[in-house]
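Visitor: Please pick one part of this model and walk me through it slowly. After that, show me what else is worth a look.

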Amino acid sequence: MFARLRSDVQCILDRDPAARTVWEVLTCYPGLHAVVLHRRAHWCWNHGFKWLARFVSHVARGLTGIEIHPGAKIGERVFFDHAMGVVVGETAEIGDGCTIYQGVTLGGTSLYKGTKRHPTLGRDVVVSAGAKVLGGFTVGDGARIGSNAVVIKPVPAGATAVGIPARIIMPKDGNAGDAAMSTRSFSAYGVTPDVDPVGQAMRGLIDSASAQDHQIALLWQAIEKLSANRETGDCVPGDASRTECFEAAKLNELVGK
């Protein structure tokens, strides 16, 4: 029990730069208190003391502001950072090393009892503030859920989900397995570069239009040179653009490149 508590405290010291001492974490971190109390409630739930389990969960909710159903499964080194207003449903599963921020809901979309209604988070998943993960699907190891995202479908390992409804962004190298996970560092609030798929699409369109503008200018320059060798140059329109005028840099700056 004490080894597990030491592991929980150490994970907070590792992931929160505001945490200064073990004593501070033990006395002032409601996320730690919520995890410890949930383990007591979960034990009661699994041993048939359903009312007592719900009562312990209810007390923990009042003390910490974090509502975890006693039937939910929580792994090792799970950190509820700030975490006021977090709701974790009955059949939810949270893997080892996950980080969950304030306002997160791991909810269900089914009303049928006895079914897998809530999500399963793999190892080292980061769920950012205000995100809603709804349904009985799996979020893969090392995945990141952006702030205020609404996730209603599975997220592959190592991917990032952002937006409403959430769009999936795969790692640039295309690797989403354990090898890729071992090289990725922790990202507070799941913030990573290039997580806006709309911005990426806009930048791609701007770059493509800029390249086309460049090619058109080169074509007109070639036509002008060819027509200069002829006796008459009437074949070249007077308003043809021989220089690039597409302001790609300015447009990319507007979309946040």
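Guide: What follows is a close look at one helix, and then a tour of other parts of the model.

This is a predicted model, so local features need pLDDT of at least 70 and side-chain atom pairs count only at pLDDT 80 or more, while totals for chains, interfaces and linings use all residues. Residues are numbered from 1 along each chain as its sequence is written, and side-chain values use heavy atoms, with hydrogens and water left out.

Our part is helix H4, residues 50-64. Helices (H or I, at least four residues) and strands (E, at least two) are DSSP runs, numbered from the N terminus. With 15 residues at 1.5 Å each, H4 should span 21 Å, and its end C-alpha atoms do sit 21 Å apart. (The expected span is 1.5 Å times one less than the number of residues.)

Which residues of H4 are buried? They are Ala53, Val56, Ser57, Ala60 and Thr64. Here buried means under 20% relative accessible area, exposed means over 50%, and partly exposed is in between (1.4 Å probe, protein chains only). Look down the axis of H4 and the buried residues fall within an arc of 100 degrees, so they line one face of the helix; the arc is that of the directions from the helix axis to the C-beta atoms. An α-helix has 3.6 residues a turn, so residues three or four places apart point the same way. Trp51, His58 and Gly62 are exposed on the other side of H4.

The buried residues of H4 pack against H3 and S1. Zoom in on Ala53: with a relative accessible area of 0%, Ala53 is buried. Its contacts (heavy atoms within 4.5 Å), leaving aside neighbours within four places in sequence, are Ala41, Cys44, Trp45 and Pro70. Pro70 is 17 residues along the chain from Ala53, with 6.0 Å between their C-alpha atoms. Just after H4, Gly65 has a positive phi of about 80 degrees.

S1 leads us to a sheet. S1 belongs to an open sheet of five strands, ordered S1-S4-S7-S10-S13 with parallel pairing. S1 (67-68) and S13 (150-151) are at the edges with a single partner strand each, so one side of each is left without a neighbour in the sheet. Strands pair if DSSP finds at least two bridges between them. S10 (residues 132-134) and S13 run parallel and are joined by two bridges, with Lys132 opposite Val150 in S13.

There's a second open sheet, of six strands this time, in the order S3-S6-S9-S12-S14-S15 with mixed pairing. Its edge strands, S3 and S15 (167-169), each pair on one side only. Two bridges link S6 to S9 (residues 126-127), and those strands run parallel; Ile100 has Val127 in S9 as its bridge partner.

Now to His118, in the loop between S7 (105-107) and S8 (120-121). At 8% relative accessibility, His118 counts as buried. The side chains of His118 and Thr91 make a polar contact of 2.7 Å; such a contact is a pair of N or O atoms within 3.5 Å, where within protein one must be able to donate a hydrogen and the other to accept it, and residues adjacent in sequence count only if both atoms are side-chain atoms. Not counting residues up to four places away in sequence, His118 also touches several others, including Glu90, Leu106 and Gly135.

Most residues other than glycine have a negative phi, and most peptide bonds are trans. Asp124, in the loop between S8 and S9, has a positive phi near 60 degrees and is partly exposed at 42% relative accessibility. Asn148, in the loop between S12 (144-145) and S13, has a positive phi of about 65 degrees and is partly exposed at 48%. The peptide bond between Ile164 and Pro165 is cis, with omega about -15 degrees; Pro165 is in the loop between S14 (160-162) and S15.

Stepping back, the protein has seven helices and 15 strands, and 41% of its 257 residues count as buried.
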